[in-house]
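Let us walk through a protein model step by step. Keep the structure in view as you read.

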Amino acid sequence: MKDVNCIFCKIANGEIPSATLYEDEDFRVILDLGPASKGHALILPKEHFANVFEMPEELAAKAFVLAKRMAAKMKDALDCDGMNILQNNGTAAGQTVFHFHMHLIPRYDNDQVGLTWIPGSLSEEMKEEILSKLAG
Ligand code: AMP
Ligand code: ZN
């Protein structure tokens, strides 16, 4: 299904032109218009899913296989030193376009891309609470 108001639906399906690196029946990979680094790309499914929670498992699996292939190709072509593969879900997580997408962010030694956080600590209480909710 497509969402008529969604810009990534239009880009993924070729209704709006984009700098396309790769395309198949399920996905289009484009250059991000506000790149964090040289070569920053986005994997867009052609079907509309707002986020990972809505995405069918089979398509999510395909998306990661494609991310791996694209990352390898980009590393060779761009000669980057590393690669961040990341994906935001929900405003709280930094998502700004509500059509599932994966970021491929080439990293270069000493670049200025900031994806870090201040590490907290895992208390016994917190650990037990989370394990009781999630483990098993
Ligand atoms: P996120 O914050 O994870 O939702 O990421 C949205 C990304 O989409 C940002 O990196 C934007 O620079 C990028 N973006 C937004 N609109 C466009 C567009 N029309 N073409 C290419 N990239 C876009
Ligand atoms: Zn969409």
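Start with Glu 124, which is exposed, with a relative accessible area of 52%. The cut-off for exposed is over 50%, so Glu 124 passes it at 52%. Bear in mind that this is a predicted model.

Which side chain meets that of Glu 124 in a salt bridge? The partner is Lys 127, at 3.0 Å from N to O. Lys 127 counts as partly exposed, because its relative accessibility is 29%. Both residues sit in helix H3. They are 3 residues apart, which is about one turn of the helix.

Now look at a network. Glu 23, Arg 28 and Lys 46 are joined into one by salt bridges that share partners. Take the pairs one by one. Glu 23 and Arg 28 meet through their side chains, with 3.3 Å from N to O. Is Arg 28 buried or exposed? Arg 28 counts as buried, because its relative accessibility is 10% and the limit for buried is under 20%. Glu 23 counts as partly exposed, at 43% relative accessibility.

The second pair is Lys 46 and Glu 23. Their side chains form a salt bridge of 2.8 Å, again given from N to O. Where do the two residues lie? Lys 46 is in the loop between E3 and H2, and Glu 23 is in strand E1, residues 20-23. The pair therefore ties together parts that are 23 residues apart in sequence. Lys 46 is buried, with a relative accessible area of 13%. In total, the model has 6 salt bridges. The bridges described here are among them.

Next, turn to the nonpolar core. In soluble globular proteins, nonpolar side chains tend to be buried together. The largest nonpolar core in this model has 15 residues. Which of its members touch the most other members? They are Ile 43 and Leu 104. Several elements build this core. Strand E2 (27-31), strand E3 (41-45), helix H2 and strand E5 (102-107) each supply at least two residues. The largest share comes from H2, with 6 residues.

Let us follow one of them. Asp 79 lies in the loop between helix H2 (57-78) and strand E4 (82-86). Asp 79 counts as exposed, because its relative accessibility is 60%.

The backbone at Asp 79 also deserves a look. Most residues other than glycine have a negative phi. What is the phi of Asp 79? The angle is near 55 degrees, a positive value in a residue other than glycine.

Asn 110 has a positive phi too, near 65 degrees. Asn 110 is not a glycine either. Where is Asn 110 found? Its place is the loop between E5 and helix H3 (124-134). Asn 110 is exposed, with a relative accessible area of 75%.

Now go back over the picture. Helix H3 holds the pair Glu 124 and Lys 127.

Notes
Residues are numbered from 1 along each chain as its sequence is written. Chains are lettered from A and ligands numbered from 1 in the order in which they are written. This is a predicted model: local features need pLDDT of at least 70, side-chain atom pairs count only at pLDDT 80 or more; totals for chains, interfaces and linings use all residues. Side-chain values use heavy atoms; hydrogens and water are left out. Helices (H or I, at least four residues) and strands (E, at least two) are DSSP runs, numbered from the N terminus. Buried means under 20% relative accessible area, exposed over 50%, partly exposed in between (1.4 Å probe, protein chains only). A nonpolar core is a set of buried Ala, Val, Leu, Ile, Met, Phe, Trp, Tyr and Cys residues joined through side-chain atoms within 4.5 Å. A salt bridge is a side-chain nitrogen of Lys or Arg within 4 Å of a carboxyl oxygen of Asp or Glu.
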